[in-house]
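Good morning, colleagues. Please take a moment with the sequence and the model before I go through the fold.

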Amino acid sequence: MGPVVGIECRRITGALGAEVTGADLANPSDLMIEQLRKAWLDHKVLVIRDQHISREEHIAFGRCFGELEIHPFASNHKDYPEIVRIKSNEKFQYAASSWHTDVTWRPEPSMGSILRGVEIPPVGGDTSFANSALAYERLSDDVKDFIADRHA
């Protein structure tokens with residue numbers, strides 16, 4: 001583990017998300033991982049800019065939070081099966097234009113995903129996120145009672 005680092009978080013929306021500064025994902029300290037875990041649980045989505053890490057460092061960083069899964073049917077990278085490459089361009093736009101949730105359909109879904117932008121367009125290419133915990137909190141008690149025994 002790397003040197004002790006203190007991170008800072010700045011909220012970026014009302015419902016979720018924070019931009020993190022002071023993190024070095026290539027050399028994570030135990031303190032930095034502890035702080036990132038708390039920030040992740042508090043904000044649901046973290047944006048950590050300008051991290052020029054290798055695939056190996058990406059995988060090592062992910063393992064700081066637990067076991068990594070091999071996606072059961074996505075096109076995993078042949079040398080790094082923990083990594084799913086998502087590529088969108090003029091010819092293949094489906095990866096960026098379809099709403100989805102990352103393996104929440106599994107009996108024991110992953111804690112989360114780490115999206116590492118390698119080639120990002122100067123305009124567009126946005127990823128949207130939703131805070132389903134907050135959406136549930138804001139339901140009326142009648143609706144919560146109505147859906148309490150239902151599963152999706």
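This is a predicted model: local features need pLDDT of at least 70, side-chain atom pairs count only at pLDDT 80 or more; totals for chains, interfaces and linings use all residues.

How many bridges join strand β2 to β3, and in which sense do these strands run? Strand β2, residues 18-21, is joined to β3 by three bridges, and the two strands run parallel. Residues are numbered from 1 along each chain as its sequence is written, and side-chain values use heavy atoms, with hydrogens and water left out.

Let me begin with the overall layout. The protein has five helices and three strands; helices (H or I, at least four residues) and strands (E, at least two) are DSSP runs, numbered from the N terminus. Along the sequence these elements follow the pattern β-β-α-β-α-α-α-α. The C-alpha trace spans about 50 × 40 × 35 Å along its principal axes. Of the 152 residues in the protein, 22% are buried, where buried means under 20% relative accessible area, exposed means over 50%, and partly exposed lies in between, with a 1.4 Å probe and protein chains only. Contact here means heavy atoms within 4.5 Å. Among the contacts with a separation of 6 or more, 61% come from residues 24 or more positions apart.

I turn now to the sheet. It is open, with three strands in the order β1-β2-β3 and mixed pairing; two strands pair if DSSP finds at least two bridges between them. At the edges are β1 (8-11) and β3 (46-48), each of which pairs on one side only. Neighbouring strands are turned by 30° against each other on average, direction ignored. Angles run from 0 to 180 degrees between N-to-C directions, and axes are lines fitted to C-alpha atoms, for helices over the stretch in contact.

The antiparallel part of the sheet is the pair β1 and β2, with four bridges. These two strands form a hairpin with six residues between them, and G17 in the turn has a positive phi of about 100°. Which residue of β2 is the bridge partner of R10? That partner is E19, and E19 in turn has V47 of β3 as a bridge partner. V20 is likewise bridged to β3, with I48 as its partner. From β2 the chain crosses through α1 to β3, and this β-α-β crossover is right-handed: with the strands pointing away from the viewer, the path from the first strand over the helix to the second runs clockwise.

Helix α1, residues 30-43, lies across β1, β2 and β3, and runs at about 130° to β3. What does the largest nonpolar core contain? It has twelve residues: I7, V20, A23, L25, M32, I33, L36, W40, I53, F61, C64 and F65. By definition, such a core is a set of buried Ala, Val, Leu, Ile, Met, Phe, Trp, Tyr and Cys residues joined through side-chain atoms within 4.5 Å. Helix α1 gives the most to this core, with four residues. In soluble globular proteins, nonpolar side chains tend to be buried together.

Leaving aside neighbours within four places in sequence, L36 is in contact with I7, V20, L25, L46, I48, F61 and F65. F61 lies in helix α2, residues 55-63, and is buried, with a relative accessible area of 6%.

Finally, the loops. N131 lies in the loop between α3 (94-97) and α4 (132-137). Is N131 buried or exposed? N131 is buried, because its relative accessible area is 14%. Its side chain reaches the backbone nitrogen of L134 at 2.9 Å. Beyond its neighbours within four places in sequence, N131 is in contact with A15, L16 and K44.

K44 itself lies in the loop between α1 and β3. This residue is partly exposed, with a relative accessible area of 40%, and its phi is near 75°, a positive value in a residue other than glycine. D50, in the loop between β3 and α2, also has a positive phi, near 55°. D50 is exposed, with a relative accessible area of 66%.

Definitions and conventions
A polar contact is a pair of N or O atoms within 3.5 Å; within protein, one must be able to donate a hydrogen and the other to accept it, and residues adjacent in sequence count only if both atoms are side-chain atoms.
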